[in-house]
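Have the model open as you read.

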Amino acid sequence: MKFIVSSQNLLKSLQSISGVLNSSNTLPILDDFLVELNGNTLKLTASDLETTMTVVIEANMAEDDGSVAIPAKILLELLKTYGDTPLTFTIDQNQGIEIAADEAKFRIAGHNADEFPRSPEMEATSVFVLTSELLLTAINKTIFATGNDDLRPAMSGVFCDLSPDSVIFVATDAHKLVRYKRTDASAENSTSFIMPKKPLNQLKSILPADASEVNVVYNETNARFTFKNIDLICRLIEGRYPNYEAVIPQDNPNTLIVDRQSLITTLRRASFFANKSTNQIRLAITGQELYVDAEDVDFAHESRQRLSCNYTGEDMEIGFNSRFLVEMLVNIPTENIRPELSAPNRAGILRPVDGENAAEDLLMLVMPVMLNS
């Protein structure tokens, strides 16, 4: 088996799938890339058993089809030292890999490709199509709100709720919740599944922000995302997702409109003076003014800042975790935001004001914290 390939093309392709690799594996073969040559087509694969990613590129020259598993770390480190240089790979019958570049030759001990885990065969599947831009936006808007509790694995992923009318993506860690809905995409049948965080982070890093199509094939156990020359297949999270609609307050008579960037800056300043374990800040809304207060009793730190706002409702005070609020605000891309509140002990809602896309509905929810008297 022999082929010639551009070092930059190979490096870029391997880096696009290398995020799947774990730093420590129970199976040594999972430290490798699987390289398969068929004609002039090179198929490169990385896997951690739960997620498998494949990218396909063309070789400049190829002889003798075959496959080999190449240790990922040393191959990536070597490729990073080269500019756009043609590399000649020659693999012998004992999985010895010789790499020739300019006046240099390198030798790596490869492994038998038969030991590399195969992608699961998917049966009884359904399919729908999203634009790359839509999927990328949905991931960016939701993934930060996923949980990390091993006892509640369903909440460690993003819930995909599909229907003939819309697609909805939901993430929550029980302190904050994001619901991102698009009515310009749909599935033939109503269904739902929970996507793990790791493959979503992989997609986030490589999806182009354009109108190219992403084919999504799924069944009860796996989901497959195919776009351009990349294929990702992952195991879905089992279990029931919490009834997210039940926790969203429907009657929120107290609403204000405030400049998003000013509020982010104010909250970040307030966090310097808040208790470092609770990050608690107090929002006091009266008339057309919003006061943001923070204090750390242990160190006698305190701050009070005032913002102008457009407020409708009764005067009220409510406490929040400033870190959660900032996390959500930076993921709302509009100039102004509209917090909606009902009572100091009920969740607050954040919505964008004047979003660009009429088919987009973004709602973020944050649970309040008990205020110190």
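At what angle do helix H5 (residues 260-273) and helix H6 (residues 322-329) pack? The answer is about 155°, with the axes 10 Å apart. That makes H5 roughly antiparallel to H6, a label used for angles over 145 degrees. Their crossing is left-handed.

Some ground rules before going on. This is a predicted model, where local features need pLDDT of at least 70 and side-chain atom pairs count only at pLDDT 80 or more, while totals for chains, interfaces and linings use all residues. Residues are numbered from 1 along each chain as its sequence is written, and side-chain values use heavy atoms, with hydrogens and water left out.

**The whole chain**

The chain has six helices and 26 strands, taken as DSSP runs (H or I of at least four residues for helices, E of at least two for strands) and numbered from the N terminus. Its C-alpha atoms fill a box of roughly 80 × 50 × 40 Å along the principal axes. Of the 373 residues, 51% count as buried, meaning under 20% relative accessible area with a 1.4 Å probe, protein chains only. Take the contacts (heavy atoms within 4.5 Å) between residues at least 6 apart in sequence: 67% of them join residues at least 24 apart.

**Helix pairs**

The axes below are lines fitted to C-alpha atoms over the stretch in contact, with angles running from 0 to 180 degrees between N-to-C directions.

| Pair | Angle | Axis separation |
|---|---|---|
| H5 and H6 | about 155° | 10 Å |
| H3 and H4 (residues 197-206) | about 125° | 10 Å |
| H1 (residues 7-18) and H2 (residues 72-80) | roughly 135° | within 10 Å |

On the H3 side of the second pair are Leu136, Ile139 and Asn140, which meet Leu200, Leu203 and Lys204 in H4. For H1 and H2, the meeting residues are Ser7, Leu10, Leu11, Leu14, Gln15 and Ser18 against Leu75, Leu76, Leu79 and Lys80.

**Cores**

Which residues have the most contacts inside the largest nonpolar core? They are Phe3, Phe89 and Phe169, in a core of 101 residues. A nonpolar core here is a set of buried Ala, Val, Leu, Ile, Met, Phe, Trp, Tyr and Cys residues joined through side-chain atoms within 4.5 Å. Not counting residues up to four places away in sequence, Phe3 touches Val35, Leu37, Leu42, Ala59, Met61, Ala62, Leu87, Thr88, Phe89 and Ile91. Apart from this core lies another, of 14 residues, including Val170, Tyr244, Ile349 and Leu363.

Is Val353 buried or exposed? Val353 is buried, with a relative accessible area of 13%. Beyond its neighbours within four places in sequence, Val353 is in contact with Ile257, Thr334, Asn336, Ile337 and Arg338. Phe299 is 54 residues away along the chain, and the C-alpha atoms of Val353 and Phe299 are separated by 38 Å.

Conventions
Buried means under 20% relative accessible area, exposed over 50%, partly exposed in between (1.4 Å probe, protein chains only). Angles under 35 degrees count as roughly parallel, over 145 as roughly antiparallel, 65 to 115 as roughly perpendicular and the rest as oblique. A crossing is left-handed if the near helix is turned anticlockwise from the far one by less than a right angle, and right-handed if clockwise.
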